[in-house]
Amino acid sequence: QVQVVESGGGLVQAGGSLTLSCAASGSKFSINVMGWYRQAPGKQRELVAGITSGGRTNYTDSVKGRFTISRDNAKNTVYLQMSSLKPEDTAVYYCNVDGWSFSSGNSFRSWGPGTQVTVSS
C-alpha cells in the first residue's frame, strides 16, 4: 500500500505565493504520474497539473504561467509552486499518485487527504 500526504497549504492574500508538497511512501513501488487536483466548495474535483516520471508536464488553462509542478523522483515527492494566487484558486488541493506496486503485482492510484488553500481578496 502506498500512502500519500500533502503539506504546505494555508491562507494567503491575493497575489501571494504558496508551495505545496506531496510525499509518497510505502514499500517496493514505482511511480509513473504524479498530479495535483483541487476541489472548491460546490464544484467537481479538477486536475490542476500533472507530471510524468520523465518530467513531461501539463496544466489546466487557468493556472498556466502561474503554477509550476515539479518532482524529486529520489524522494517520491511532487511539488506545486503557486504564484499570483487569486481568490478563485481557493480549494482543497489533493495529490494523486499513479504507479506500480511490486509488493502486490498491481498498479495503484493513491490520493492524499488534501490540504486547504485559501486566497483572500
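**Disulfide, rings and core**

Q: How many disulfides does the count come to?

A: The count comes to 1 disulfide, where a disulfide is a pair of cysteine sulfur atoms within 2.5 Å. Please keep in mind that this is a predicted model, in which local features need pLDDT of at least 70 and side-chain atom pairs count only at pLDDT 80 or more, while totals for chains, interfaces and linings use all residues. Residues are numbered from 1 along each chain as its sequence is written, and side-chain values use heavy atoms, with hydrogens and water left out.

Q: Which residues form the disulfide, and how far apart are their sulfur atoms?

A: The disulfide is formed by Cys-22 and Cys-95, whose sulfur atoms are 2.0 Å apart. The link of Cys-22 and Cys-95 is left-handed, with -80° about the S-S bond. Cys-22 lies in strand S3 (residues 18–25) and Cys-95 in strand S9 (residues 91–101), so the pair ties together parts that are 73 residues apart in sequence; strands here are DSSP runs (E, at least two residues) and helices are too (H or I, at least four), numbered from the N terminus.

Q: Are Cys-22 and Cys-95 buried or exposed?

A: Both Cys-22 and Cys-95 are buried, and buried means under 20% relative accessible area, with exposed over 50% and partly exposed in between (1.4 Å probe, protein chains only).

Q: OK, what about the core, which residues have the most contacts inside it?

A: The largest nonpolar core has 29 residues, and those with the most contacts inside it are Trp-36, Leu-80, Met-82 and Tyr-93. A nonpolar core is a set of buried Ala, Val, Leu, Ile, Met, Phe, Trp, Tyr and Cys residues joined through side-chain atoms within 4.5 Å.

Q: And which elements give two or more residues to this core?

A: They are S3, S4, strand S5 (46–51), strand S7 (67–72), strand S8 (77–82), S9 and S11.

Q: What is Met-82 in contact with?

A: Leaving aside neighbours within four places in sequence, Met-82 is in contact with Gly-16, Ser-17, Leu-18, Leu-20, Arg-66, Phe-67, Tyr-93 and Val-117, where contact means heavy atoms within 4.5 Å.

Q: Switching to rings, how many aromatic pairs are there?

A: The count comes to 2 aromatic pairs; rings of Phe, Tyr and Trp (its six-membered ring) pair if their centres lie within 6.5 Å, and planes under 30 degrees apart count as stacked, over 60 as edge-to-face and the rest as tilted. The rings of Phe-29 and Phe-108 have their centres 6.1 Å apart and their planes at 85°, so this pair is edge-to-face. Because Phe-29 lies in strand S4 (residues 29–39) and Phe-108 in strand S10 (residues 106–111), the pair ties together parts that are 79 residues apart in sequence. Phe-29 counts as buried at 15% relative accessibility, and Phe-108 counts as buried at 14%. For Tyr-37 and Trp-111, the ring centres are 4.9 Å apart and the planes are at 65°, so that pair is edge-to-face. Tyr-37 in strand S4 and Trp-111 in strand S10 are 74 residues apart, and the pair links distant parts of the chain.

Q: Why does Trp-111 count as partly exposed?

A: Trp-111 is partly exposed because its relative accessible area is 34%, whereas Tyr-37 is buried, with 16%.

Q: Which ring does the charged end of Arg-45 sit over, 3.7 Å from the centre?

A: That ring belongs to Tyr-94, and the charged end of Arg-45 also sits over the ring of Trp-111, 4.7 Å from its centre. A charge sits over a ring if NZ of Lys or CZ of Arg is within 6 Å of the ring centre and within 35 degrees of the ring normal.

Q: Where is Arg-45 placed?

A: Arg-45 is in the loop between S4 and S5, and it is partly exposed, with a relative accessible area of 35%. Apart from neighbours within four places in sequence, Arg-45 is in contact with Tyr-37, Arg-38, Gln-39, Tyr-94 and Trp-111.

Q: Last topic, how many helices and strands are in the protein chain?

A: The protein chain has 0 helices and 11 strands, and of its 121 residues, 38% count as buried.
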